[in-house]
Amino acid sequence: MKSNFISKSETSKISRKVCEQWKISFPKCKNLKLFQIGNHTIFTNGNLHIIKINDLFIPSLLSITILEQLPSVFVDINAVKFICNGANVMKPGITNHTRFMENEIVCVKEESYNKFVAIGTSVVSSDIMQTKSKGIIIKNLHYIGDCVWNFLKNY
């Protein structure tokens with residue numbers, strides 16, 4: 001694992017890209033530190049953790065204030081163990097949802113305790129999802145128990 005601080009100009013670039021992708025107001029951040037863990041790039045300032053996957057930036061599951069501003073789907077308890085092992089979110093496991101568009105970052109929450117268990121990108125919009133009875137709805141990118149979660153939990 002390697003780490004280093006990134007420049008102010010690079011931090012500004014990342015902040016702009018994050019605002020565009022997440023479609024939310026983004027807190028100004030300084031002194032982002034970059035961690036390279038395997039194929040994962042993580043930017044953090046201690047409070048905010050951003051994961052870069054190819055050209056996509058997603059918040060970590062520990063960035064609760066950010067996650068609460070993003071669209072979400074709720075899954076039943078039986079789907080959680082599969083999702084927390086990296087499975088994509090399938091239509092039969094979804095019990096409720098907010099509105100989202102195709103290719104949008106979507107949070108996955110467990111319905112009983114209202115806890116975030118994963119983050120992914122939508123394969124279809126919420127409108128199209130309602131017409132389906134099965135199939136992948138959210139591509140799972142980050143979940144409780146993955147290498148990024150374990151690193152950040154102990155960071």
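Predicted model: local features only at pLDDT ≥ 70, side-chain atom pairs only at ≥ 80, totals over all residues.

Reader: OK, which residues touch the most other members in the largest nonpolar core?

Author: Trp-22 and Phe-43 do, in a core of 30 residues. Helix H5 (residues 147–153) gives the most to this core, namely four residues. There's another core apart from that one, with 17 residues, including Val-73 and Phe-100.

Reader: What is Trp-22 in contact with, leaving aside its neighbours within four places in sequence?

Author: Ile-50, Phe-57, Ile-58, Pro-59, Ile-66, Leu-70 and Ile-105.

Reader: And which residues of H1 are buried?

Author: Thr-11, Ile-14, Ser-15, Val-18 and Trp-22. Looking down the axis of H1, they fall within an arc of 105°, so they line one face of the helix. Arg-16 and Glu-20, on the other side of H1, are exposed.

Reader: What covers that buried set?

Author: The cover includes strands S3 (40–44), S4 (49–53), S5 (56–59) and S9 (105–110), plus helix H2 (64–67).

Reader: How far does H1 reach, end to end?

Author: H1 runs over residues 8–22 and spans 21 Å from its first C-alpha to its last, close to the 21 Å expected at 1.5 Å a residue. Just after H1, Lys-23 has a positive phi of about 55°.

Reader: Switching topic: how many disulfides are there?

Author: Zero, searching the whole structure.

Reader: Now charges. How many salt bridges?

Author: The count is two. Lys-13 pairs with Glu-10, with the closest N and O atoms 3.8 Å apart; the cut-off is 4 Å. Both residues sit in H1, three residues apart, about one turn of the helix. Lys-13 is partly exposed at 42% relative accessibility, and Glu-10 is partly exposed at 32%.

Reader: Which side chains meet in the 2.9 Å one, and where do they lie?

Author: Those of Arg-99 and Asp-127. Arg-99 is in the loop between strand S8 (94–97) and S9, and Asp-127 is in helix H4 (residues 126–131), so the pair ties together parts 28 residues apart in sequence. Arg-99 counts as exposed at 60%, while Asp-127 is partly exposed at 40%.

How values were computed:
Residues numbered from 1 in each chain as written. Heavy atoms only, no water. Core = buried A, V, L, I, M, F, W, Y, C linked by side-chain atoms within 4.5 Å. Buried < 20%, exposed > 50% of the residue type's maximum accessible area, 1.4 Å probe, protein only. Helix = DSSP H or I, 4+ residues; strand = E, 2+ residues; numbered from the N terminus. Contact = heavy atoms within 4.5 Å. Disulfide = S-S within 2.5 Å. Expected span 1.5 Å × (residues − 1). Arc of directions from axis to C-beta.
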